[in-house]
Amino acid sequence: ATSVLVKALHDAGDRSWFKVVERSKLNNLLKERQIIREMYQRHEGRAPTLEELPSVLFAGILFEGGVIGYDSSTKTGGAGARYLGIGGSTKYKEDTVSIYLRAVSVKTGEVLMSVVSRNQIASVSYQADAFRFVSFKNLLEAEAGYTRNEPGLLALEHAVEDGVYSLVMEGLALGYWGIEDKQLEKQYLSQYSLERAERNVQ
């Protein structure tokens, strides 16, 4: 989920809204920087300059959270019919993945915003069969089926992207950041309020 979140933050605003820094594998990054210092010390007898090894960027906001639920078979159903030994049926099942995201201020430790996002994973099965006598002693039996399952990763990506969208809009509503075009900002906030009201009704 961390890799999906990093991509979603990069995609938001075409890499112009967020500057993402590495934290999940920070130890690997620090080890590589230590190796660079040791190589300069060993071969040149000095420490690297700031131009050769700049300081690591610090983060102003931490985005934290994770997958908090994977609920199986939240919705199931199907339908079928048969006439003179020939029939067909369809069945479906829906799972739900839920993610939680929060934005934390590095300076104060305050949780600025927190959102929950959900996405459904659909599985559909189609089946057709025939069962009838073609003559006095000869019985015809035929069966065919097809099943389609939505990838779980795709649902996770959608849930994370929706969570990032909600965080951006919540930050806009609370005044943590803004859009230069105030008319456009007002339009976005109005649309987000309608979407949030629809979710609460559902």
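Is Glu185 buried or exposed?

1. Glu185 counts as buried because its relative accessibility is 13%, where buried means under 20% relative accessible area, exposed over 50% and partly exposed in between, with a 1.4 Å probe and protein chains only. The model is a predicted one, in which local features need pLDDT of at least 70 and side-chain atom pairs pLDDT 80 or more, while totals for chains, interfaces and linings use all residues. Residues are numbered from 1 along each chain as its sequence is written, and side-chain values use heavy atoms, without hydrogens and water.

2. Helix H4, residues 182-201, contains Glu185. Helices (H or I, at least four residues) and strands (E, at least two) are DSSP runs, numbered from the N terminus. Neighbours within four places in sequence aside, Glu185 contacts Leu172, Gly178 and Ile179; contact means heavy atoms within 4.5 Å.

3. A search of the whole structure gives three aromatic pairs. Rings of Phe, Tyr and Trp (its six-membered ring) pair if their centres lie within 6.5 Å; planes under 30 degrees apart are stacked, over 60 edge-to-face and the rest tilted. Phe18 and Phe63 pair edge-to-face, at 5.6 Å centre to centre and 85° between the planes. Phe18 lies in the loop between H1 and helix H2 (26-44) and Phe63 in strand S1, so this pair ties together parts 45 residues apart in sequence.

4. Phe18 is buried, at a relative accessible area of 17%. Phe18 also forms an edge-to-face pair with Trp177, at 6.3 Å centre to centre and 90° between the planes. Trp177 sits in the loop between H3 and H4, 159 residues from Phe18, and counts as partly exposed at 25% relative accessibility.
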